[in-house]
Amino acid sequence: MAKSAVTIKNLHYTYPNTTSEALSNVSLTIKEQEFVAIVGQTGSGKSTLVSLIDGLIKPEKGDLDVAGLKINATTKAEDLSKIHHRVGFVFQFPEQQLFAETIEEDIAFGPRNLGWTPAQIKKSVDDALKMVGLPVELKTHSPFALSGGQMRRVAIAGVLAMKPQILILDEPTAGLDTQATNELLELIKQLNNKATTVIMVTHQMEQVARYADHVIAMSDGKVIADTTPRHLFSDSQQLAKLSLTLPVSVDIAQFLRKHGAKLENTEPLTLDSLADEIVKAMRGKENE
Ligand SMILES: Nc1ncnc2c1ncn2[C@@H]1O[C@H](COP(=O)(O)OP(=O)(O)OP(=O)(O)O)[C@@H](O)[C@H]1O
């Protein structure tokens with residue numbers, strides 16, 4: 001059985017100077033090498049949850065185990081910071097945090113902070129550039145001369161250079177065009193295939209359907225659903241409660257079924273699988 005990458009038990013969190021809990025009694029498990037999507041309406045607690053997993057804030061009550069590090073309300077700041085050796089966090093619009101004169105300097109910032117040797121730092125920069133599909137020769141250039149999509153890749157390379165076991169991404173495709181979005185998601189999937197656990201906050205149900213194997217849906221600081229995308233998208237009551245939309249492929253399949261099409265009963269999570277089902281149904285009709 002796969003080991004757990006993150007285990008959370010009865011977690012509570014309230015922001016300073018506020019009265020209501022941002023997270024209320026959250027318990028969940030994320031296994032190693034899962035691709036997990038965290039979904040929910042604005043203000044439901046997604047960013048707070050991933051900030052706790054990344055050790056940016058400390059729980060008020062409850063326990064976390066993140067890549068083997070145990071965290072609770074009494075954990076000291078220096079112990080909390082050990083998380084950054086194991087977890088990488090790609091914030092929303094990460095390119096806004098690029099700062100150095102060269103791409104190399106920018107990517108090297110994290111590994112240098114971790115105290116790595118110059119040789120280790122050089123190798124980690126080159127490896128990270130390759131991982132995000134950018135030529136290593138670019139490293140002497142300014143990050144600010146790149147396109148928006150490329151700048152985002154450099155920012156993500158800065159996180160990958162530290163070789164995280166768990167990669168958290170908060171809406172990684174926000175503001176990107178369709179091509180850059182698809183390329184970035186494929187890249188994240190490749191990293192996931194090579195053993196990185198991925199936790200992605202997203203509002204895009206198409207991305208959940210296509211890439212995630214586990215979905216955690218939040219509302220009002222609580223986990224409302226903790227399941228597979230296929231199961232979530234076949235539960236219309238739950239979706240309505242969470243005010244989530246259906247992926248287009250599932251929406252079309254449900255419409256066609258309602259109008260008598262004999263499609264298979266499982267929800268098609270991508271347009272490709274919907275097209276396959278429609279072709280099968282048409283062939284079945286021809287053979288009747
Ligand atoms: N720094 C903060 N100080 C006080 N309250 C906060 C802070 N950040 C978030 N909150 C509150 O905590 C709750 C959960 O917010 P959170 O940002 O985790 O939600 P979210 O699901 O990530 O929303 P979004 O999709 O808009 O990013 C909300 O009620 C929000 O107003």
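Which residues of helix α3 (residues 103–113) are buried? The first legend gives the answer.

**View 1. Helix α3 and its packing partners in the predicted model.** Ile103, Glu104, Asp106, Ile107, Ala108, Gly110 and Pro111 are the buried residues of α3. They pack against two helices, α4 (118–131) and α5 (148–160). An α-helix has 3.6 residues a turn, so residues three or four places apart point the same way. Glycine 115 follows α3. Its phi is positive, near 80 degrees.

**View 2. An open sheet of four strands.** The strand order is β2-β1-β4-β5, and the pairing is antiparallel. Strands β2 (23–31) and β5 (69–71) form the edges, each pairing on one side only. Neighbouring strands are turned against each other by 10 degrees on average, direction ignored. Strands of a sheet pair through backbone hydrogen bonds, either parallel or antiparallel.

**View 3. The pairing of β1 with β4.** Strand β1 covers residues 4–13, and strand β4 covers residues 61–66. Five bridges join them, and the two strands run antiparallel. Threonine 7 stands opposite aspartate 65, a residue of β4.

**View 4. Helix α1 across the sheet strands.** Helix α1 is made of residues 46–53. It lies across β1, β2 and β4. Relative to β1, helix α1 runs at about 120 degrees.

**View 5. The shell around the ligand.** Tyr15, Thr18 and Ala22 are among the residues that surround the ligand. The shell also includes Gly40, Thr42, Gly43, Ser44 and Gly45. Lys46, Ser47 and Thr48 belong to it as well. Helix α1 gives the most to this shell, with three residues. By class, the shell holds two nonpolar, eight polar and one charged residue.

**View 6. Where domain 1 touches domain 2.** The domain assignment gives domain 1 as 1–86 + 197–244 and domain 2 as 246–288. Their C-alpha centres lie 33 Å apart. Nine residues from domain 1 and nine residues from domain 2 make the contact. On the side of domain 1, helices α7 (205–211) and α8 (229–233) each supply at least two residues. Helix α7 gives the most to that side, with four residues. The side of domain 1 that touches domain 2 has five nonpolar, one polar and three charged residues.

Notes:
Residues numbered from 1 in each chain as written. Predicted model: local features only at pLDDT ≥ 70, side-chain atom pairs only at ≥ 80, totals over all residues. Pairing = 2+ DSSP bridges. Axes fitted to C-alpha atoms, helices over the stretch in contact; angles between N-to-C directions. Contact = placed C-beta atoms within 7 Å. Buried ≥ 20, exposed ≤ 12 C-beta atoms within 10 Å, placed from the backbone. Near = placed C-beta within 6 Å. Nonpolar A, V, L, I, M, F, W, Y, C, P; charged D, E, K, R; others polar. Domains from an automatic or database assignment.
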